[in-house]
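Q: Could you go through this structure with me, one piece at a time? I'd like to ask things as they come up.

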Amino acid sequence: MKAYIHKCSTLSVLDSFNGGILSKLKNSSSHVLIEPAYKEIITGSYLRRMSKVIKMGVAAAITAAKDQNIQGIVVGSGAGCCHNTVLFIGEYNERQEEILSPHSFIQSTDNTIAGQIALILQNFSYNITYIQKGLAFENALVDAVLLSEENNAGILIGGVDEWIPLFELGETTKALHPEYWIGEGAGFFILSQAKQNALALISACGILQSKPDSIENELHSFLDEHQLEIPDLILYGNSFVNEVSIDIDLLNVKTVHYSDICGIYFTNTAFGMNLGTEILTHPSLAKENGFNAKRILIVNNFNDADWGVIYLSALS
Amino acid sequence: MKIFITGMGLITAIGNNVEENLHSLVNGKGGISTVEGIPEIRKNFLGGQVKMLNSELSTLAGASEFKEVHRSTLLGLVAAKEAWGNRKMEKDIRTGVIYGTTIGGINLNEFVLNKFKENDPSIKVDYKHTHDYSFGTDFISSQLGIEGYKATISTACSSAANSILVGARLIKANILDRVLVGGAEAITNYILNGFDSLMLYDDERCKPFDENRKGLNLGEAGCFLVIESEKSLLKTKQKKLAELVGWGNACDAFHQTASSPTGHGAVLAMEQALKMANILPEQIDYINTHGTGTPNNDLSESTAMKTIFGNKMPPFNSTKSFTGHTLAAAGGVEAIYSILALRNNMVFANLNYSQPMKEFSFRPTTELISNISINKVLSSSFGFGGNCTELIFSE
């Protein structure tokens, strides 16, 4: 399973939407999402009805999709449009169940994001949404890489999650790691089978099941199975408020925690994949920021039991 | 690589297992009645409810009582256990679970949210438990002892159909050998409110493809199928129930909740599925439609069918007239009904139908047809967001 990455577009706490992640890394300390002027990206008639997570996803997606030939739209979102669900419950509780506006209900369907992207792009191709919490992006990526191979086609794939007050219910585990913070973001990519003009290669991707103390063995097996060399860099992230913190260099390879930069959210692997792609594409800028790699393994720890893995290779 | 269906499990308003469902379908016995246990204001609403309490569903699923498990997940577990049967994990058969859901776990969420708002200190819920999403997938996998690839799909009312489609693609790509695929949906106050607010709810029994159709009735269901590669079958020696020979997924890209007048997305998905199965439209012997009973869906879907089948329309029906619209589960429920039609050489009745739609000369099957040979069945599933999925099953 292989596909080339052609475009990236990410909304994060850095101003990555304008000019990428690497050039902004040195000044990163904010925990607040930097949102673009949506009205410059999304047509007003659509924008007015969109909730925040839909705006985030659509803005990143249609920016990545600009001038690309797309034959599939694949979206991963761990909490989807959950916030609209909360709003709709609030509305009908308040009105003692009287009939109300369907607005929040319509937008509470998790596939609204992928549906709106297709509507705006007038794209009639394959369209799917995954919501496997901290593995939603990996579910989507596996599908997208496969779809690109099946049809030798360009695929729009991304992950998006917004911060919602409901997450505060998780305070009990958060108390274990006061340094953790819940973030939000959106990252979309164009994948294809064409090497020309590509940024990086996804050499393999998948999902592993492992306890934290045996993850290194599982990573070795993953590399062996796909006949991949030991990477030069591991980008590690928590997509959940995990109980076990991994603070060693996995596989004795320099390990950098991207979730410290973008925050913890279900689909933050998309941020990791954009960062990895930039490190491979801009070696000198990467060196200025302490990265030197031609092969990167992205490791996402969802819940100390389920893990996402993506292997990126630089193009020679 | 060929994909075979070797296991099926089902619980709906017309039966707690596949056999009971078949019996009701053959006898034209629908399951739509007054929905119990909902707020007074909707007390006359009709739906396809499974008349069992959650505690009874737990018992049926072979556990004493799963107190914190959503009803939708319990329905899913009942069906998953029937489909999975006495299969075991074998180390050289790569097995996965793919589950389709909308927001079926919302009833628990509603409860938690209200407590949260009231600042009730007794509620200490980790945010991983606050809504359904992948909970059903994880729970069902662990209850059956399945370790392997897991995915949760949410494409509204085509979710379970897309689970089947994605499972098949993972087998075809040689990533998995065997996949448990399906979905579940419980009737919840949330969804009733939603469809009521969209004014898509019929206050009588739904009448798919009838000129006087007014809307849908909701239903609840759990459904699972086991699909396997030939390589897996060599080892498991399971009986082949049917073959999945074609599939298509396209987007209507017309409106967030309504289908286009031309049924463009449905046409594209049907064309893809037929092309992949390498057959002509006239080789389809029966269509299990999406047929929700809403004015918009049935008009758009009929237009799409006319585009593909022209004047050679095979027998078609909407089994939602038996079960109600089981949303995320619908595509899986109807895949199983399609396979039952195939295996028993019959087409079930489209209930509550009396007057043809004025736009079309064709009409659904109104009574059970049993003197028919069925080799290929097309099953349609559509959802909010323009999602259109088509599956073709063969003997």
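Q: How do E4(B) and E5(B) run, and how many bridges join them?
A: E4(B) and E5(B) run parallel and are joined by five bridges, where two strands count as paired if DSSP finds at least two bridges between them. Strands here are DSSP runs of E with at least two residues, helices are runs of H or I with at least four residues, and both are numbered from the N terminus. Within this pairing, Gly96(B) stands opposite Tyr149(B) in E5(B).

Q: Before we go on, where does the model come from, and how are things numbered?
A: This is a predicted model, in which local features need pLDDT of at least 70 and side-chain atom pairs count only at pLDDT 80 or more, while totals for chains, interfaces and linings use all residues. Residues are numbered from 1 along each chain as its sequence is written, and chains are lettered from A and ligands numbered from 1 in the order in which they are written.

Q: Back to E5(B): how many of its residues are buried?
A: Five of the five residues of E5(B) are buried, and a residue is called buried if 20 or more other C-beta atoms lie within 10 Å of its own, exposed if 12 or fewer, and partly exposed in between, with C-beta atoms placed from the backbone.

Q: Which residues sit on which side of E5(B)?
A: Tyr149(B), Ala151(B) and Ile153(B) are on one side, Lys150(B) and Thr152(B) are on the other, and both faces are covered. In a regular strand the side chains alternate between the two faces of the sheet.

Q: And the helix H5 of chain B, why is it largely enclosed?
A: Helix H5 (residues 135-144) of chain B is largely enclosed by the rest of the structure because seven of its ten residues are buried. The buried residues of H5(B) are Phe135(B), Gly136(B), Thr137(B), Asp138(B), Phe139(B), Ile140(B) and Ser141(B).

Q: What covers them?
A: The cover over the buried residues of H5(B) includes helix H3 (71-84), strand E4 (95-100), strand E5 (149-153) and strand E6 (178-185) of chain B. Just after H5(B) comes Gly145(B), which takes a positive phi of about 70°.

Q: Switching topic, in what order do the strands of the sheet with E2, E3 and E7 of chain B come?
A: The order is E2-E3-E7 in chain B, and these three strands form an open sheet with mixed pairing. Strand E2 (33-34) and strand E7 (218-219) of chain B stand at the edges with a single partner strand each, so one side of each has no neighbour in the sheet. Strand E3 (residues 46-48) of chain B pairs with E7(B) in the parallel sense over two bridges, and Gly48(B) stands opposite Gly219(B) in E7(B).

Q: How many residues of each chain are in contact with the other chain?
A: On chain B 51 residues are in contact with 45 residues of chain A, where contact means that the C-beta atoms of two residues, placed from the backbone, lie within 7 Å.

Q: What kinds of residues are on chain B's side?
A: The side of chain B that touches chain A divides into 22 nonpolar, 22 polar and seven charged residues. Ala, Val, Leu, Ile, Met, Phe, Trp, Tyr, Cys and Pro count as nonpolar, Asp, Glu, Lys and Arg as charged, and the others, Gly among them, as polar.

Q: How is chain B divided into domains?
A: Chain B has domain 1 (3-236) and domain 2 (242-394), with bounds that come from an automatic or database domain assignment. The centres of these two domains of chain B, taken over C-alpha atoms, are separated by 21 Å. In the contact between them, 64 residues of domain 1 of chain B meet 54 residues of domain 2 of chain B.

Q: What about chain A, how is that one divided?
A: Chain A has domain 1 (6-192) and domain 2 (200-313), and their contact takes 42 residues from domain 1 of chain A and 35 residues from domain 2 of chain A.

Q: How many helices and strands does chain A have, and what part of it is buried?
A: Chain A has eleven helices and ten strands, and 56% of its 316 residues count as buried.
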